[in-house]
Amino acid sequence: MMVQGIKSRPRYSGLHPDPHAKRHLVAAEGEGALAVIDLAMRAGGDFLASLTLLYLPGEGHEAKLFALGADRFESFHDETALLGALDHCLVEARMGTRLYATGTEGFIGLVVQLAHRHGIKHLSIRTEHRGSLARRVYCVHCKAITERVTTNIVECRDCQAPLLVRDHYSRRLAAFMGVAVNAEQPDQIPPIEEIFP
Amino acid sequence: MSRSLDIRTRVDRITTVAEGIKRFDLVPEQGGPLPCFAAGAHVILSMTDGTRTWRNPYSLMGSQGDRSRYSISVLRTANSRGGSHFLHDRVSVGTRISITPPINLFPLELSGRHHLLIAGGIGITPIMSMAEQLNRLGASFDLHYGVRDPARAAYARQMVDQFGERVRLYYDSAGAKLPLDTLLDQQPLGTHLYVCGPEPMIDWVLDRAEAAGWAAENLHSERFTAPAGGQPFTVRLARSGRSLRVGEQETILEAIEAAGLEAPHLCRGGACGHCETEVLSASGPLLHQDHFLTTEQHRAGRRIMICVSRCEGAELVLEL
């Protein structure tokens, strides 16, 4: 039932330091903090002196990130505030700045979506998935987005259609596609399982 | 590209636009609109002089809205394989030339926040089209044009009139040099860079940009490398069993075409990858001249781009 092998399914190849970058801009969320710490270890040199780190804290990683000693470190209470600050950073940034994103898929997707509006190609953003696999799901019937979906089938938060969560992904919407699973046979809904813990 | 798609045109006007540079306006022989094109596109002209045929790519210029004619600008190069000399010396108004439909391997990345256009010499041709398209779209751009001296600066005055402050000219004769490193550091994040010009200039711009921390995705270039000649050799086509001689100033692809055969190809400049061919054996080292295969693939010697590369041995056997 799960539709896989879809080309648009994002891939995250890990946070590798760009040795040529003059400035590093990192947006991290929750468990992504550990990927940032790994990145700082790998980078060495004057990486930290040219690092702007925006963080949406999860459990207990904030102090560790602060202790890294980034040139600029800010933590936020919610996603919207972090994305607002990132938006401002992107307006001010010059070429030679490398953007990194790490955390849940939904968070990385929102960073990539925002960066695209500033003319930054998704391929030039270094990403590493950490934490939950929960997805943002776009309902193709009513266009609502249901957040933090962990199951193969989810009820659309707006039109209540039982949506099959596909691997088909939109960078523009930063969401996976959800299609009514019972469109052919309204009374047949397959078992619901948690597959994106 | 199948030759059946070729468009028959006639030279409608020839204008000298700078020292050694002529513009040729081509109109379709059959009438009817030409295919539309976007900035960065080129066509391949087929020119025949007796037994010799040249197929050279030239960037399309001029109004992208005018489908009644295409314009190209051609520099008469000193080390020409013959194509540019033929156009300059043998072509006149009324000459028939067949061309391919437009091919675009150098498109604008319109999602970019700003566009930095860099041209050297005759490399201005695709870059000027880009400036016109960006200007029409109201997009943000700057154009930097380096050229030997004012007499050779094709379209410089026209571009200054049209785009004003956004155009910067650098004449070697006046000792002016493109302040590349400063420029690279000053661009807003999300800028795309496009460069066309002599090979060493393109390499210089791309190397400096990489060193300045520019992402590869934001760097765009186009090289129309005239394939360098070399020792003649024999190419054997394993599938058809035919053996062909590749002359000193001829490419493998040209030898195949001269024998009345067709092989897949598109750009004829080692850039697009369409003519990638499997090498079954070679009695000498391969002389790779393309910009498509990776360094590792070049070293491995199992693939060759037949539009530009050759073999430094007596015989090359290809899976064709």
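User: Which residues in helix α1 of chain B are buried?

Analyst: In helix α1 (residues 83-90) of chain B, the buried residues are Gly83(B), Ser84(B), Phe86(B), Leu87(B) and His88(B). Buried here means under 20% relative accessible area, exposed means over 50%, and partly exposed is what lies in between, with a 1.4 Å probe and protein chains only. Helices (H or I, at least four residues) and strands (E, at least two) are DSSP runs, numbered from the N terminus. Please keep in mind that this is a predicted model, in which local features need pLDDT of at least 70 and side-chain atom pairs count only at pLDDT 80 or more, while totals for chains, interfaces and linings use all residues. Residues are numbered from 1 along each chain as its sequence is written, chains are lettered from A and ligands numbered from 1 in the order in which they are written, and side-chain values use heavy atoms, with hydrogens and water left out.

User: And what covers those buried residues of α1(B)?

Analyst: The cover includes five strands of chain B, namely β2 (21-28), β3 (41-49), β4 (52-59), β5 (70-75) and β6 (96-99).

User: Take Ser59(B) in β4. What is it in contact with?

Analyst: Ser59(B), which lies in strand β4 of chain B, counts as buried because its relative accessibility is 5%. Leaving aside neighbours within four places in sequence, Ser59(B) is in contact (heavy atoms within 4.5 Å) with Ala41(B), His42(B), Ser71(B), Ile72(B), Thr125(B), Pro126(B), Glu222(B) and Phe224(B).

User: Where is Thr125(B), and what does it touch?

Analyst: Thr125(B) is found in helix α2 (residues 124-137) of chain B, and at 6% relative accessibility Thr125(B) also counts as buried. Residues up to four places away in sequence not being counted, Thr125(B) touches Ser59(B), Leu60(B), Met61(B) and Ser73(B).

User: Switching to aromatics: how many pairs are there over all chains?

Analyst: The count comes to 6 aromatic pairs over all chains, where rings of Phe, Tyr and Trp (its six-membered ring) pair if their centres lie within 6.5 Å, and planes under 30 degrees apart count as stacked, over 60 as edge-to-face and the rest as tilted. In one of them, the ring centres of Phe141(B) and Phe163(B) are 5.5 Å apart and the planes stand at 85 degrees, so this pair is edge-to-face. The pair links distant parts of the chain, 22 residues apart, with Phe141(B) in strand β9 (residues 141-147) and Phe163(B) in helix α3 (residues 156-163) of chain B.

User: Are Phe141(B) and Phe163(B) buried or exposed?

Analyst: Both Phe141(B) and Phe163(B) are buried.

User: Now chain A. How is it divided into domains?

Analyst: Chain A is divided into domain 1 (23-129) and domain 2 (135-180), with bounds that come from an automatic or database domain assignment. Their C-alpha centres lie 26 Å apart, and 7 residues of domain 1 are in contact with 8 residues of domain 2.

User: Why does the second largest pocket lie between them?

Analyst: Domain 1 and domain 2 of chain A both give residues to the lining of the second largest pocket, so that pocket lies between them. On a 1 Å grid over the protein atoms alone, a cavity is a set of points where a 1.4 Å probe fits but cannot get out, and a pocket is an open set with protein on both sides within 12 Å along at least five of seven lines, lining residues being those with an atom within 4 Å of a point. The second largest pocket has a volume of about 510 Å³, a volume being the space filled by probe spheres set on the grid points, which are joined across faces, edges and corners. Of the 25 lining residues, Pro10(A), Arg11(A), His122(A), Leu123(A) and Thr127(A) are the closest to the centre of this pocket. Helix α4(A) gives the most to the lining, with 4 residues.
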